Structure formats: structure tokens, C-alpha cells
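Please read the points below with the sequence and the model open side by side. They go from the aromatic rings to the sheet, and then to the charged side chains.

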Amino acid sequence: MSFGVEIPFVNHLGFELKLFDGGFSELAYLPKPEHLNSFGVTHGGALMTLLDVTMAAAARSVQNDMGVVTIEMKTSFMQPARGKLTGKGHLMHRTATMAFTEGTIFDEEGRACAHATGTFKYVKRLPTGPKSANALNVTSGVISTD
């Protein structure tokens with residue numbers, strides 16, 4: 001299953017989209033040795049990325065022609081995450097421009113390892129790069145989130 005967009009960092013980590021439908025998402029992730037911390041468990045940054053992408057996918061699953069950008073994310077780490085992991089996301093509420101989501105990461109035994117809530121803003125996909133600058137955002141070095 002495809003995310004519908006090219007996300008190089010997600011490809012690098014090896015996330016696999018399993019469910020993308022009706023406000024729900026599920027991703028599979030088998031951490032590589034370079035994704036572990038000094039305790040030999042999945043690094044918190046990798047877990048937060050999995051949660052972020054899981055929640056974003058849940059938000060996009062109801063309107064996949066739009067992109068989303070993370071506005072806010074709160075994460076709780078409950079226990080070490082080892083082995084193959086599954087991220088499950090849920091769109092709890094949406095407005096015309098905002099998505100309110102939650103996500104949980106489970107280990108192979110089905111134990112919850114980390115949980116997050118996140119707020120995302122729906123945005124139109126615009127071309128990016130130096131030759132395709134959005135005319136509304138060309139002020140010197142200013143990047144708008146609106």
C-alpha cells in the first residue's frame with residue numbers, strides 16, 4: 001500500500017502502510033540496529049516519527065488529496081519498544097482545516113509501548129523548490145504555516 005506521496009525519511013526508516021481508510025491507519029515498522037538507543041531498544045525519536053506518520057495517515061485517510069502538517073504532538077512512552085512494531089492511528093475529530101488524532105505503538109506481543117495525540121493542519125499540496133515558489137510566500141526567508 002502506498003502513502004500517496006514520496007516521503008524519503010519514511011522510506012529510509014522502512015515504514016510500511018497497512019491500513020489507510022476512514023480515519024484509521026496502521027503502519028508496520030521493523031527497527032534496524034541503527035534505529036536503537038544505547039539500551040538496545042527503539043530510539044524515542046524513531047517512535048515519535050512512527051507516531052507522527054501514523055497520525056498524519058489517519059488524518060489524510062479521509063481526504064487524501066490534501067497534505068497535512070503537524071501543528072502539535074504530545075507523546076508518552078510507556079515501556080521499551082522491541083522487535084517489530086505496529087502503529088495504529090485514529091482521527092478523533094476534524095474541522096475544515098484541522099485534524100485531531102491519536103496514535104499508539106504496539107510491540108509484537110500487543111503491548112502498548114508509546115501513545116500520542118496530535119493536531120494537524122490540512123494543506124493543499126503545492127510544488128516546492130526554488131523554481132516553483134508560491135507567490136504568496138516569497139517574502140525574504142519567511143515560511144508561512146497558513
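1. A residue is called buried here if its relative accessible area is under 20%, exposed if that area is over 50%, and partly exposed in between, with a 1.4 Å probe and protein chains only. The model is a predicted one, in which local features need pLDDT of at least 70 and side-chain atom pairs count only at pLDDT 80 or more, whereas totals for chains, interfaces and linings use all residues. Residues are numbered from 1 along each chain as its sequence is written, and side-chain values use heavy atoms, with hydrogens and water left out.

2. On that scale F15 is buried, at a relative accessible area of 7%, and Y29 is likewise counted as buried, at 0%. A search of the whole structure finds one aromatic pair, and F15 and Y29 form it, in an edge-to-face arrangement with 4.8 Å centre to centre and 75 degrees between the planes. For such a pair, rings of Phe, Tyr and Trp (its six-membered ring) must have centres within 6.5 Å; planes under 30 degrees apart count as stacked, over 60 as edge-to-face and the rest as tilted.

3. The pair links distant parts of the chain, 14 residues apart: F15 belongs to the loop between helix 1 (8-13) and strand 1 (16-21), and Y29 to strand 2 (residues 24-29). Helices (H or I, at least four residues) and strands (E, at least two) are DSSP runs, numbered from the N terminus.

4. Strand 1 and strand 2, which run antiparallel, are joined by five bridges, and D21 stands opposite F24 in strand 2.

5. H93 lies in strand 4 and counts as partly exposed, at 46% relative accessibility. Not counting residues up to four places away in sequence, H93 touches M98, A99 and F100. H93 and G23 are 70 residues apart in sequence, yet 9.1 Å apart in space, C-alpha to C-alpha.

6. Two salt bridges are present, each requiring a side-chain nitrogen of Lys or Arg within 4 Å of a carboxyl oxygen of Asp or Glu. One joins E16 and K18 (3.1 Å, N to O), and here E16 is partly exposed at 39%, as is K18 at 42%. The other joins D107 and R111 (2.8 Å, N to O), where D107 is buried at 7%, whereas R111 is partly exposed at 44%.

7. Two charged side chains also lie over ring faces: K88 over F106, at 5.6 Å from the ring centre, and R94 over Y122, at 4.2 Å. The criterion is that NZ of Lys or CZ of Arg is within 6 Å of the ring centre and within 35 degrees of the ring normal.

Conventions:
Pairing = 2+ DSSP bridges. Contact = heavy atoms within 4.5 Å.
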